Amino acid sequence: MTDLTELTIAEALKSLKNKEFSATELTNAYIQKMENTREYNAYVLETPEVALEQARLSDEHYKNGTNRALEGIPLGIKDLFCTKGIRSTACSHILDGFVPQYESTVTQHLLNAGASFLGKLNMDEFAMGGSNETSYYGPVVNPWSSSEPLVAGGSSGGSAAAVAAHLCAGATGTDTGGSIRQPAAFCGITGIKPTYGRCSRWGIMAFASSLDQAGPMAKDVRDCAIMLRAMAGYDAKDSTSVDMKVPDFEQVLGQDIKGLKIGIPSEYRPDGLNKEISGLWDKSAQMLQSRGAEIVHINLPHTPYALPVYYIIAPAEASSNLARYDGIRYGLRVKGEKLDDLYINTRTEGFGTEVKRRIMIGTYVLSAGYFDAYYVKAQKVRRLIKQDFEKAFEKCDVILTPTSPVSAFKIGDESMQENPINMYLNDVFTVSVNLAGLPALSLPVGLDSKGLPLGMQLIGKAFDEETIFKTAYALEKDAAFKRK
Amino acid sequence: MAVDNNTVKQVAFLARLKVEDSKVEQTKDEFNKILNWVEQLNEVNTENVEPLVSVNDTTLPLREDDVTDGNLKTEILKNAPMQEFGYFAVPKVVE
Amino acid sequence: MTYTIKTEKNEWEIVCGLEIHCQIISKSKIFSGASTEFGDDANENVSFIDAGMPGMLPVLNKECVRQAVKTGLGLNAQINKHSVFSRKNYFYADQPNGYQITQYEYPIVGKGNVKIDLSDGTSKNIGITRIHIEQDAAKSIHDLNPKKTYVDFNRAGVGLMEIVTEPDFRSPEEAGAFLKKLRSIVRYLGTCDGNMDEGSMRCDASISVRLKGEQGLRERAEVKNVNSVKFAMQAIESEAKRQVEVYEQGGTIEQQTCRFDQATGQTKFMRKKEYADDYRYFPEPDLPPLDLTDEYIENIRAQMVELPDAKKERFMRDFNLTAYDADLLTESRETADFFEKAAKGHDGKKVANWILGDFFARLNADKLTLEQSPIKPEMIGQLVDLITNNTISGKIAKDVFALMFETGQSPIKIVEEKGLKQVTDSSQIEKIVDEVIASNADNLAAYKSGKTNLFGWFVGQVMKASKGSANPQMVNQLLKDKLDK
């Protein structure tokens with residue numbers, strides 16, 4: 001019998017329906033693999049009993065013919081999602097032992113669709129980081145590592161590694177500046193950050209509220225389409241979620257892309273862009289062109305300013321969002337004689353270096369006298385960035401760019417450690433999309449000379465994930481990337 | 001706008017974080033590096049540009065005034081590091 | 001009336017503005033579906049949102065918006081069709097998120113004004129700067145444990161309107177009159193219960209002083225959380241006097257926060273305004289801007305109740321009341337409604353006298369509220385009619401009123417059943433007069449011999465004999481005729 005964990009969600013669903021194996025068997029296969037493959041440090045909490053109980057229910061559903069969209073599919077959940085009765089920590093020391101008494105809307109949707117949860121996945125602390133090295137539980141190791149351990153990317157590094165190493169059929173991720181797409185690219189899997197407002201943020205620990213979006217990370221484009229349909233939907237509990245019908249994304253896969261206009265932004269090809277990456281980019285464009293798509297050169301002139309804007313707005317919002325972690329109602333409490341001592345001791349010990357750095361920057365840019373110069377200025381430039389995309393989409397239907405300027409680097413890379421900005425620069429191709437609230441998908445299209453996966457990013461118009469999926473599916477076929 | 005050691009300490013207090021005296025200098029340098037970097041935004045002409053507050057042009061949804069939540073005392077207190085008599089307990093706050 | 005603080009050297013003027021936090025009347029909290037009831041067990045009416053749990057998001061309560069707009073219209077204020085929620089960041093045990101959701105740059109209500117009437121008969125307009133809506137904080141309990149403070153989140157997230165005035169107050173009296181007027185308006189509107197002692201209306205006062213005639217403002221002290229009109233007036237007066245003393249001794253006032261000590265009637269220094277007060281306001285990213293339509297606002301305007309000022313004028317005009325009486329009758333909507341029902345079709349001025357006199361005195365004596373009154377408003381109108389048409393005398397009316405209060409019966413029924421109807425039949429009265437004169441020969445003789453002051457005695461005897469039912473004017477006339485014959 002083949003290794004069940006290597007099946008895609010679509011394949012597994014088909015076999016489950018045909019009773020080729022049971023949900024319990026599938027879940028057991030994943031549990032075994034998960035327990036035998038701890039070297040990647042992908043999971044921070046394994047919940048095999050929970051998964052098996054859910055699988056048992058799924059088998060009932062299959063027996064009764066009441067099986068749902070993701071019936072019996074074992075998933076991994078990023079630790080940023082609050083899961084009822086299951087420890088959720090955002091991989092921060094400050095949330096030690098926190099067991100939410102509520103289920104996030106997105107994970108509830110997945111449960112309602114019949115999925116089972118194998119455990120909580122490692123991530124950068126509070127999703128702040130691009131290499132999964134800021135996690136309180138230690139870095140995730142990229143399954144593509146050979147001689148030395150490489151990063152899985154971040155912040156959804158555990159999700160990407162778990163999917164790549166078949167430790168779950170699919171995973172949830174969140175993306176604030178590239179946290180789904182960049183680790184997906186580093187680990188050779190597919191992930192989509194949907195349009196802001198497509199998925200509810202309720203029950204997901206907030207990093208930067210105006211940028212955060214949940215999305216699926218999976219083995220291929222089809223699996224992402226299946227998962228996103230289950231995860232998305234208007235939620236009255238999230239005032240920023242948008243009341244729009246969720247299409248059956250799977251239906252568009254395989255549709256003709258003839259005549260589709262693919263935008264290539266010149267600003268995404270700075271001097272010194274890695275030749276292998278720019279080469280793959282050109283090749284990807286050609287593949288789409290050979291299917292009848294039209295290549296259009298576009299401009300996104302404010303691209304160089306996206307990172308500075310992001311590194312003002314995200315820390316500002318984070319400094320406020322993370323103020324609730326004060327040692328009073330949940331999580332870590334470090335004693336202090338006075339209330340302020342308790343706050344300071346708890347927060348100083350509970351947060352890691354990168355989180356503290358961003359809280360400090362965010363606090364500063366919001367403080368009196370600097371607010372206009374930094375925050376308001378950033379909001380204005382953010383509007384210009386959004387307008388860039390609006391203008392570009394007058395000329396094209398979808399935009400193709402690389403996902404990241406680099407492939408996976410080694411854990412503890414000196415240049416990144418030395419200057420945080422070097423790490424921030426890795427987000428250069430992904431952050432604009434969050435600032436503009438647009439959907440974007442990353443899929444693997446090839447390997448670099450080191451044998452590491454490289455990803456391409458497809459950016460769509462707001463709420464037009466369908467065009468992205470359609471295009472990505474075509475590119476996936478032609479690129480014929482070989483999964484780990 | 002360069003930040004000095006004192007500002008680092010003030011910002012840390014505002015955020016209820018402690019920067020060890022031995023780390024203040026280093027934190028200040030790091031701070032200034034990041035601030036210098038984000039200040040490239042000053043190159044952008046933003047005259048007559050409205051700050052973007054909400055990325056989707058959606059209106060704020062309003063909820064009916066119904067009691068639909070609460071009565072969760074056990075759940076609310078479940079994760080409390082210290083609770084007494086159904087209250088959260090903190091060090092004495094002197095008014 | 002000019003109020004100043006005079007010292008040996010100088011004459012000082014008070015400059016004061018108020019910020020009043022009014023708890024909005026709504027069933028559920030402003031950003032969560034938990035109940036606003038208080039008095040329940042600690043942490044009972046708390047949702048995960050109110051407790052600031054990770055991943056929780058606010059959803060705005062429709063009713064809180066409507067109540068704020070209503071209040072804005074009641075204060076003759078501009079309603080802002082576009083408003084934005086902001087976060088005010090600070091750490092405190094009663095602040096679960098580490099920030100309060102409030103409105104900062106773009107409040108829901110802009111400039112307005114309120115007229116206050118002062119004891120010297122003058123009135124003055126007080127400028128309203130703005131009203132914004134926000135969430136209330138939790139409650140800290142300090143007296144249950146000597147070493148710890150306990151936090152109860154039941155109040156956390158209850159909707160508040162913060163009403164900010166211009167620094168228009170020049171005396172404690174003006175501030176007191178304003179607070180009373182504001183309380184009366186929000187109660188009329190049903191947007192806040194106005195109970196300062198229960199904390200549903202709380203007042204902060206910004207106080208500074210300056211030499212009379214001086215332009216510009218000096219540094220101010222903010223007195224926090226004063227919980228009665230009287231205390232607010234005391235706080236303003238004592239803080240102003242304190243500042244004057246400091247200045248006169250050559251000192252300076254720093255911007256500071258104080259609290260009012262009820263025991264001493266003095267303000268007490270809490271802390272200086274400093275870097276810690278940097279609240280780092282920024283737009284709340286969890287809530288898109290609030291946009292209201294003209295239609296929405298006009299709809300609320302069309303449903304506005306008549307407010308105290310308008311009612312007072314109408315009462316003066318329609319019922320011929322004095323400003324003083326009209327003021328008293330319109331202070332609360334319930335009293336005004338009671339009066340109007342009572343006065344309808346009757347002599348309004350007399351009805352007002354009865355309500356403000358005997359009726360209120362009796363309610364107070366029996367510690368009853370208006371709703372608990374055994375007397376229905378219509379009955380007071382009937383009682384006034386019985387006096388006006390000479391069915392009963394004013395004196396008998398007092399007895400009837402007492403019976404009405406005890407039995408809840410209408411005065412008509414009481415007068416009928418007890419036979420209290422005034423006797424106006426002159427032959428009947430004449431008979432009694434004759435009897436009284438006949439059986440008091442010595443007093444008659446004394447009267448005739450010049451002791452005319454016995455006339456009153458005779459009247460009393462006749463009234464007594466008639467059990468008070470004889471018409472007093474007729475008794476007078478008949479006695480006069482007979483005695484002076």
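1. Over how many bridges do strand β5 and β6(C) of chain C pair? Strand β5 (residues 85-89) pairs with β6(C) in the antiparallel sense over five bridges; strands are DSSP runs of E with at least two residues, helices are runs of H or I with at least four, and both are numbered from the N terminus. Two strands count as paired if DSSP finds at least two bridges between them. In this pairing C:Asn89 stands opposite C:Tyr99 in β6(C).

2. A word on the model: it is predicted, with local features needing pLDDT of at least 70 and side-chain atom pairs pLDDT 80 or more, while totals for chains, interfaces and linings use all residues. Residues are numbered from 1 along each chain as its sequence is written, and chains are lettered from A, ligands numbered from 1, in the order in which they are written.

3. Back in chain C, the open sheet has three strands in the order β6-β5-β16, with antiparallel pairing. Its edge strands, each pairing on one side only, are β6 (99-103) and β16 (282-283).

4. Now to chain A, which has 16 helices and 11 strands. Its C-alpha trace spans about 65 × 50 × 50 Å along the principal axes. Buried residues (20 or more other C-beta atoms within 10 Å of their own, with C-beta atoms placed from the backbone) make up 65% of its 484 residues.

5. Finally, chains A and B touch: the contact (C-beta atoms, placed from the backbone, within 7 Å) takes 57 residues from chain A and 38 from chain B. On the chain B side, α2(B) gives the most, with six residues.

Technical notes:
A residue is buried if 20 or more other C-beta atoms lie within 10 Å of its own, exposed if 12 or fewer, and partly exposed in between; C-beta atoms are placed from the backbone. Two residues are in contact if their C-beta atoms, placed from the backbone, lie within 7 Å.
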